[in-house]
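Hello,

Here is the structure I promised you. Please open it and keep it beside this email while you read.

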Amino acid sequence: MELDHAAVARAQKGTLADLMGIEFTELSPERVVAELRIRDDLRTVGDALHGGALMALADTVGATATVLNLPAGATTTTLESKTNFFAAGRAGAVRAEAVPLHRGRRTQVWQTRVTDEQGRLLTQTVQTQMVLMPGGA
């Protein structure tokens, strides 16, 4: 499926990705990259970017990457997601980069690494996406 930045923005209008302010900077079947500015309403009481925000960012980027690889008429849903946390994001923006580990007919597996502006690894997520064919085929 071909999607450009404008099409992704339109598709995600009014969703959690839009509410969080996730901005896609690169879209291809082999790699999807997005950025998220750290804001006060996305922080914990300890002043770090909330882990749930990091997981939502990774899930959104991995799901979008899957959509770019779907056959016509198919959709996707997350089956499983595992996130490891390595460091806290505290200022500026974070960058999420998803690359495929597996792109099959029924499932796709994506690894998303989230880094801060200095390139420090904050999280790594591996998620499995189910490919849902029209009519349950």
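Thr66 is buried, with a relative accessible area of 0%. Buried means under 20% relative accessible area, using a 1.4 Å probe and protein chains only. This is a predicted model: local features need pLDDT of at least 70, side-chain atom pairs count only at pLDDT 80 or more, and totals for chains, interfaces and linings use all residues. Residues are numbered from 1 along each chain as its sequence is written, and side-chain values use heavy atoms, with hydrogens and water left out.

Who sits around Thr66? Apart from neighbours within four places in sequence, Thr66 is in contact (heavy atoms within 4.5 Å) with Thr76, Gln108, Trp110 and Gln129.

Thr66 belongs to helix α3, residues 51-67. Helices are DSSP runs (H or I, at least four residues), and strands are runs of E (at least two), numbered from the N terminus. Of the 17 residues of α3, 13 are buried, so this helix is largely enclosed by the rest of the structure.

Now the largest nonpolar core. It has 25 residues, and Ile22, Phe24, Leu57, Val61 and Val94 have the most contacts inside it. Such a core is a set of buried Ala, Val, Leu, Ile, Met, Phe, Trp, Tyr and Cys residues joined through side-chain atoms within 4.5 Å. α3 gives the most to this core, with six residues.

Best wishes

Key: Buried < 20%, exposed > 50% of the residue type's maximum accessible area, 1.4 Å probe, protein only.
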